[in-house]
Amino acid sequence: MSDNPAQSTQETTDKAAPAGKAASVPADLRERELKAILHISNMVGSVLRHEDILRIICETTAEAMDCQVCSIYLLDDDRRELRLAATHGLNPAVVGKATLAVGQGLPGWVAEHGQIVSLANAMTDPRFKPIPGSGEEACRAYLCAPLYIQYELIGAMTARKTIEYEFTSSEITLFETICKQVAIVMEKVRLYEDKIEAEKMAASGWSLSEISHYIKNVLQAVQGGSYFVDSGLSRNDLDRARQGWQILKRSNRKIAYLVENMLNYSRAPNPMREAVSMQELLSEMLGAVEETAQRRNVRIEPDIEPGVPPIYADYDSVYNAVLNLVTNAMDAMDEKGGGTLRVQWRRDAISPSQALLTIADTGVGIPPDVQKKIFTLFFSTKGRNGTGIGLAVTKKIVEELGGSISLQSTPGEGTTFTLALPLHRSSEG
Ligand SMILES: Nc1ncnc2c1ncn2[C@@H]1O[C@H](COP(=O)(O)OP(=O)(O)OP(=O)(O)O)[C@@H](O)[C@H]1O
Ligand SMILES: [Mg+2]
């Protein structure tokens, strides 16, 4: 197989002059050419999916070449087979499935020899091998050129008419120019995809390491707690055993909290919704954190308006979202040796179709430059004591409910997070 486009020669059936030697190009062809090239070049910055870009290129090329069919074949990773990657005019059901070995059929021949082929009627050419079920049998005139990125062959592109026809040298030149543009677009798409992949790998590598450290930390605490329980029991020292048991319970909570957050972050929006009474949810949660609050010298002040209608949500997800805020507040006050946590739930006086949940602490506060980053996944200032998943999950859950999250913070004085949550429509008063 030739890998050098410089060696590619043009193989045409008899009369057509070699590409690039036409004395004059008809004005309408020139216009079509410019339009097609502009359109294809515009794909460089496109955010469309790979397959959509290729399909649009096929449509644009078919129109510019005045052809009924245009297809792109791409070399597989092992470089032995060409796969039909996109088409305009052939049966879309064969896209992604139909393959030709390099050397097989006309695209295979073009890929092997690195040469353009122009035929007035492909049906009479022994190299032609139609893809079953593709509708190729209806085509006659055939133009196929190799696609190169730099010196690397990446596939072949075809333009075909359903009539017998000799492509002119101007048309062949236009097709070659289009193929060069397509290769440039493909290169950009490939670079962009590689970049995204690299970013994903970097992000997941980092997150795995952060999470592993966090889990290792908790497991160390489990080991310590178990040691206290064991030694307490063997010495008949129940206080020591109790102390160990508390450590075990806390570690268990931490792991459950992490797993819940990871699940909530990675899952699709939860369709299991029901009317959720925030009064009940908050009272359950404040009961659950009471012991931790006492231990951390935090006073909890609930201020819950009784008549606020329910929200329409998944109970566990909302619980998780609010628990993240309460846990952060406790951590922030712990750093100051204690404080007051105010939890308020009230109907929004300005927008009565929603209610506001405020979680206000008197903790260390968040400096303005840190405030910008706190909703970013894996951002944490807590070293091995935090994973940075909490607020990203809370934001995701709240936004899935059609709500919003905001904060106000004064370093050294404390932080207030406010969730605006839409109320269940059937219960709006
Ligand atoms: N109430 C708060 N007071 C002060 N800082 C806060 C508060 N809430 C969040 N933060 C800051 O935002 C960062 C991100 O919070 P987030 O809950 O996402 O992660 P985390 O608490 O560090 O870890 P985890 O995933 O275990 O919750 C925290 O590390 C902290 O710096
Ligand atoms: Mg947190």
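How many of the nine residues of helix 3 are buried? Seven of the nine are, so that helix 3, which spans residues 105-113, is mostly covered; here a residue is called buried when its relative accessible area is under 20%, exposed when that area is over 50%, and partly exposed in between, with a 1.4 Å probe and protein chains only. The structure is a predicted model, in which local features need a pLDDT of at least 70 and side-chain atom pairs count only at pLDDT 80 or more, while totals for chains, interfaces and linings use all residues. Residues are numbered from 1 along each chain as its sequence is written, chains are lettered from A and ligands numbered from 1 in the order in which they are written, and side-chain values use heavy atoms, with hydrogens and water left out.

The buried residues of helix 3 are G105, L106, P107, G108, W109, V110 and A111, and after the helix comes G114, which has a positive phi near 65°. The helices named in this text are DSSP runs of H or I with at least four residues, and the strands are runs of E with at least two, both numbered from the N terminus.

Helix 4, which covers residues 169-234, contains E171. This residue counts as buried because its relative accessible area is 7%, and its side chain reaches the backbone nitrogen of T168 at 2.9 Å. Such a polar contact is a pair of N or O atoms within 3.5 Å, where within protein one atom must be able to donate a hydrogen and the other to accept it, and where residues adjacent in sequence count only if both atoms are side-chain atoms.

In helix 5, made of residues 238-266, one finds M262, which counts as partly exposed because its relative accessibility is 32%. Together with V259 and L263, M262 makes a nonpolar surface patch of about 240 Å².

The next place to look is ligand 1. Around ligand 1 there are 20 residues, of which S380, T381, K382, T387 and L391 come nearest; a residue is counted as near when one of its heavy atoms lies within 4 Å. An oxygen atom of ligand 1 is 3.1 Å from an N or O atom in the side chain of Y257, and for the side chain of T381 the corresponding distance from a ligand oxygen is 2.4 Å. A polar backbone atom of G388 lies 3.0 Å from an oxygen atom of ligand 1. On its own, ligand 1 has 590 Å² of accessible area, and the protein covers 96% of this area, where accessible areas come from the Shrake-Rupley method with a 1.4 Å probe and, for residues, only the protein chains shown count as cover. Helix 7 (315-334), helix 9 (390-400) and strand 14 are the elements that give two or more residues to the shell around ligand 1, and the largest share, three residues, comes from helix 7.

One salt bridge joins the side chains of R342 and D303, with 3.3 Å from N to O. This pair links distant parts of the chain, since R342 is in strand 11 (residues 339-347) and D303 in strand 9 (residues 298-304), 39 residues apart. R342 counts as partly exposed because its relative accessibility is 38%, and D303 is partly exposed because its relative accessible area is 29%.

The side chains of K395 and E399 meet in one at 3.1 Å, N to O, and E400 forms another with K396, where the closest N and O atoms are 3.2 Å apart. K395 and E399 lie four residues apart in helix 9, about one turn of the helix, and the spacing of E400 and K396 is likewise four residues. An α-helix has 3.6 residues a turn, so residues three or four places apart point the same way.

Finally, R425 is placed in the segment after strand 14 (414-422), and R425 counts as exposed because its relative accessibility is 71%. R425 and A275 are 150 residues apart in sequence, yet in space they are 9.9 Å apart, C-alpha to C-alpha.

Note on methods: Patch = residues over 30% accessible without salt bridge, like charges linked within 9 Å, V, L, I, M, F, W, Y side chains within 5 Å. Salt bridge = Lys/Arg side-chain N within 4 Å of Asp/Glu carboxyl O.
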